[in-house]
Amino acid sequence: AQVLSAGGLTLPPLSSIPMTSKLPGPHTLKEIITPPNVDDLYEWYCARNLFDEDPSWAVVWPTAVSLSTYLIEFPDLVRGKRVVELGCGLGVAGMTAACLGSQSVILTDRDGLALHCAMSTVACNQLNEGEQRIKAAIVDWTDEESLLRCGDADVVLASDVLYDEETIIAFGRACRTILSKGGRVLVTDPLVERKAGCRELLRQELDKENAEIKVVDLGSPGGDLPSSSPDGKDHDRRMKESILLIQYKLSVSKD
């Protein structure tokens, strides 16, 4: 990893992590811009009295790696499609979709710093060269007004978002809103749920559109996409988790 900045008043410490994975198509991800690890980001937050901020976005988790790998295996899921990634963090899955030929990709997160890093990665890898296919928007899926920034889409991507019962219903509603004209939701989640029953809550919400559901056991992520911070300290157990992919196919919304 190459240190880009030690941090300052407005931006945390930042590093560039080299990528070795080759993606099909004219574009590849050669590097990812991210804080060195969650500890450094948390300390930066605390120094600014931002104690309620969540530093977990600063890691490419196995769920994001597995989702990206699945898209590479089945590129027609996103090729030519309008894609929105909810809770994107560093945006690896959304960028992978762009590399695979998506018509457009909107990376969304409630943390502006995460989006800054994601769009810095887009710029460093020249993914928008010639046309601006990848955009970013600050979106909190519990806020219906902010969902307007997503527009209509054909595919919603998300990884490791099913951990809070209070927000899962809002997440499901967000998917229904974004896919009001029909489409697919692709969510990756640890085989052992963060909180039991969360996947069932999402199923119940999306089943209001008579969603067709497909569950795929992806096992532990492989390949060369990074799934840890450069110093290797971040959550060793989580880096070895088995992952499920849940695909929901929604028809046109009845709302």
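Author: C99 has a relative accessibility of 3%, so C99 counts as buried. Keep in mind that this is a predicted model.

Reader: And C124, what's its relative accessible area?

Author: It comes to 42%, so C124 is partly exposed.

Reader: How many disulfides by the distance rule?

Author: The count is zero. The rule asks for a pair of cysteine sulfur atoms within 2.5 Å.

Reader: OK, step back. How many helices and strands in the protein?

Author: Six helices and ten strands.

Reader: What share of the residues counts as buried?

Author: 52% of the 255 residues.

Reader: And the contacts with a separation of 6 or more, what part comes from residues 24 or more positions apart?

Author: Those residues account for 71% of them.

Reader: Which elements each supply at least two residues of the lining?

Author: Helix α2, residues 62-73, and strand β5, residues 104-109.

Reader: How does the lining divide by residue type?

Author: There are 13 nonpolar residues, nine polar and eleven charged.

Reader: Switching to aromatics. How many pairs turn up in the whole structure?

Author: Three. In one of them, Y70 and F74, the ring centres are 4.8 Å apart and the planes are at 45 degrees, so the pair is tilted.

Reader: Why tilted at that angle?

Author: Because planes under 30 degrees apart count as stacked and those over 60 as edge-to-face, with the rest called tilted. At 45 degrees, the Y70 and F74 planes fall in that remaining class.

Reader: Are those two residues buried or exposed?

Author: Y70 is at 6% relative accessibility, so Y70 counts as buried. F74 has a relative accessible area of 37%, so F74 is partly exposed. The cut-off for buried is under 20%.

Reader: Now D189. Where does D189 sit?

Author: In strand β8, which covers residues 183-190. D189 has a relative accessible area of 0%, so D189 is buried.

Reader: What does D189 touch, leaving out residues up to four places away in sequence?

Author: T63, L162, R199, S242, I243, L244 and I246.

Reader: And V122, which helix is that in?

Author: α4, residues 112-124. V122 is buried, at 3% relative accessibility.

Reader: What touches V122, again leaving out residues up to four places away?

Author: M95, L127, N128 and I134. Take M95: M95 and V122 are 27 residues apart in sequence, but 7.5 Å apart in space, C-alpha to C-alpha.

Reader: Last topic, backbone. Which residue has a positive phi of about 55 degrees without being a glycine?

Author: D160. Most residues other than glycine have a negative phi.

Reader: Where is D160?

Author: In the loop between β7 (155-159) and α5 (165-178). At 11% relative accessibility, D160 counts as buried.

Reader: What about the phi of N210?

Author: The phi of N210 is near 50 degrees, also positive in a residue other than glycine. N210 is in the loop between α6 (198-206) and β9 (212-219).

Reader: Buried or exposed?

Author: N210 is exposed, with a relative accessible area of 57%.

Conventions:
Residues are numbered from 1 along each chain as its sequence is written. This is a predicted model: local features need pLDDT of at least 70, side-chain atom pairs count only at pLDDT 80 or more; totals for chains, interfaces and linings use all residues. Side-chain values use heavy atoms; hydrogens and water are left out. Helices (H or I, at least four residues) and strands (E, at least two) are DSSP runs, numbered from the N terminus. Ala, Val, Leu, Ile, Met, Phe, Trp, Tyr, Cys and Pro count as nonpolar, Asp, Glu, Lys and Arg as charged, and the others, Gly among them, as polar. Rings of Phe, Tyr and Trp (its six-membered ring) pair if their centres lie within 6.5 Å; planes under 30 degrees apart count as stacked, over 60 as edge-to-face and the rest as tilted. Buried means under 20% relative accessible area, exposed over 50%, partly exposed in between (1.4 Å probe, protein chains only). Contact means heavy atoms within 4.5 Å.
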